[in-house]
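Subject: A structure for you to look at

Hi there,

Here is the structure I promised to pass on. Please open it next to this email and follow along as you read.

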Amino acid sequence: MSIKIIGTGSYVPEKVLTNFDLEKMVETSDEWIRTRTGIEQRRIASADQATSDLAYEAAVKALEMAKTSAAELDGIIVASISVDHVFPSTACILQKKLGAMKAFCFDLEAACSGLIYSIEVAHALIKSNIKYRKLLVIGAEKLSSIVNWEDRNTCVLFGDGAGAMVLEKTPEGAEDCVLASNLGANGTYTEILQIPAGGSRMPASQQTIDNKLHYMTMSGQDVFKLAVNAMVSSCKEALAFADMPSASVTWLVPHQANYRILKAVASRLDIPEERVYMNVNRYGNTSAASIGICIDEMNRGGFVKPGDIILMTAFGGGLTWGSILLKW
Ligand code: COA
């Protein structure tokens with residue numbers, strides 16, 4: 001049994017927040033942000049938009065392209081760290097909005113690696129179970145709701161958006177679009193990228209709110225080094241499994257964290273920069289949404305053609321990481 005991506009969709013909110021806007025909010029500069037991260041602007045959801053609303057817009061587009069009605073979906077997986085509620089799942093909220101009433105639903109939390117984890121899980125479900133034919137996987141984030149807008153170390157990096165894919169089981173004998181994949185994690189680094197409060201370890205209280213502990217905190221330099229090493233070894237493992245040299249990769253699609261991270265990963269894999277898809281300048285880091293947004297832009301923009309080899313790789317809080325080598 002094999003699978004195919006039959007539709008992609010993405011959505012970013014209308015509101016643009018530029019580096020110049022941020023100069024008025026915290027002590028930073030456009031020059032600092034651009035040279036350290038490659039980010040020029042990011043999108044910010046409106047007060048009445050939750051993560052499921054962003055996910056809905058991306059899902060509708062992916063379903064349209066897949067010529068699939070929501071009622072045909074067997075399952076929905078939403079990857080997010082900025083869920084609508086701790087529970088119920090954002091996937092259940094999305095199910096209702098779409099009218100996908102046959103679908104099982106769950107959220108998957110693997111931070112910025114969430115979409116890679118979700119595709120891997122969906123792939124395994126489709127391949128192992130005769131019941132599941134069409135699954136919707138989405139990375140969706142309203143990170144503006146969990147970012148401390150007074151902390152210049154983090155607030156300049158992140159943005160909101162959603163990227164979706166419809167995966168379908170293909171007929172017997174067809175080629176599987178997933179050539180290789182791997183997932184990884186290292187829980188010894190949980191504290192370098194986290195939201196300290198709001199969970200069972202430190203429930204929300206007046207004190208956690210006063211100390212802004214329900215916002216994201218990060219040790220940027222530690223994350224940087226670990227991100228490059230983890231993505232490089234994960235990509236190498238995927239290429240080795242498929243017995244392919246990095247020269248056969250048409251597009252490297254890394255999680256859009258920071259263009260310096262992306263360049264370092266590409267260079268260590270011997271993949272020239274012109275074969276690395278980047279939109280971090282326009283959207284910043286949209287966590288679980290970033291790879292989905294890239295793939296949809298590439299698909300709709302004619303950047304990919306059948307037979308192209310795409311290497312997606314991500315890294316995020318947890319720590320988590322993973323790579324998927326795809327034949328388009
Ligand atoms: N504007 C201006 N100055 C800033 C700033 C900002 N937005 N943010 C931090 N600084 C300051 C720091 O306070 C520090 O000042 P100091 O030397 O007086 O202490 C200085 O800039 C250098 O900070 P440093 O952390 O060394 O910068 P850096 O070159 O490592 O870049 C990051 C910082 C965050 C851009 C970089 O570490 C990074 O991208 N890390 C990975 C983050 C990431 O991708 N996270 C998500 C993973 S999924």
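**Salt bridges in the model**

Glu273 and Lys263 form a salt bridge, with their closest N and O atoms 3.9 Å apart. Lys263 sits in helix α9, while Glu273 is in the loop between α9 (259–269) and α10 (280–283), so the bridge ties together parts that are ten residues apart in sequence. Both ends are partly exposed: Glu273 has 44% relative accessibility, and Lys263 has 32%. Please keep in mind that this is a predicted model.

Another one to find is between the side chains of Arg282 and Glu297, at 2.9 Å from N to O. Here Arg282 belongs to helix α10 and Glu297 to helix α11 (residues 290–300), 15 residues apart.

Next, have a look at Lys134 and Glu72, whose closest N and O atoms are 3.0 Å apart in a salt bridge. This pair links distant parts of the chain, 62 residues apart: Lys134 is in strand β6 (residues 134–141), and Glu72 is in the loop between α3 (51–65) and β4 (75–79). Lys134 is buried, with 12% relative accessibility, but Glu72 is partly exposed at 31%. Glu72 and Lys134 also belong to one network with Glu168, joined by salt bridges that share partners.

Enjoy exploring!

Best wishes

Methods: Residues numbered from 1 in each chain as written. Predicted model: local features only at pLDDT ≥ 70, side-chain atom pairs only at ≥ 80, totals over all residues. Heavy atoms only, no water. Salt bridge = Lys/Arg side-chain N within 4 Å of Asp/Glu carboxyl O. Helix = DSSP H or I, 4+ residues; strand = E, 2+ residues; numbered from the N terminus. Buried < 20%, exposed > 50% of the residue type's maximum accessible area, 1.4 Å probe, protein only.
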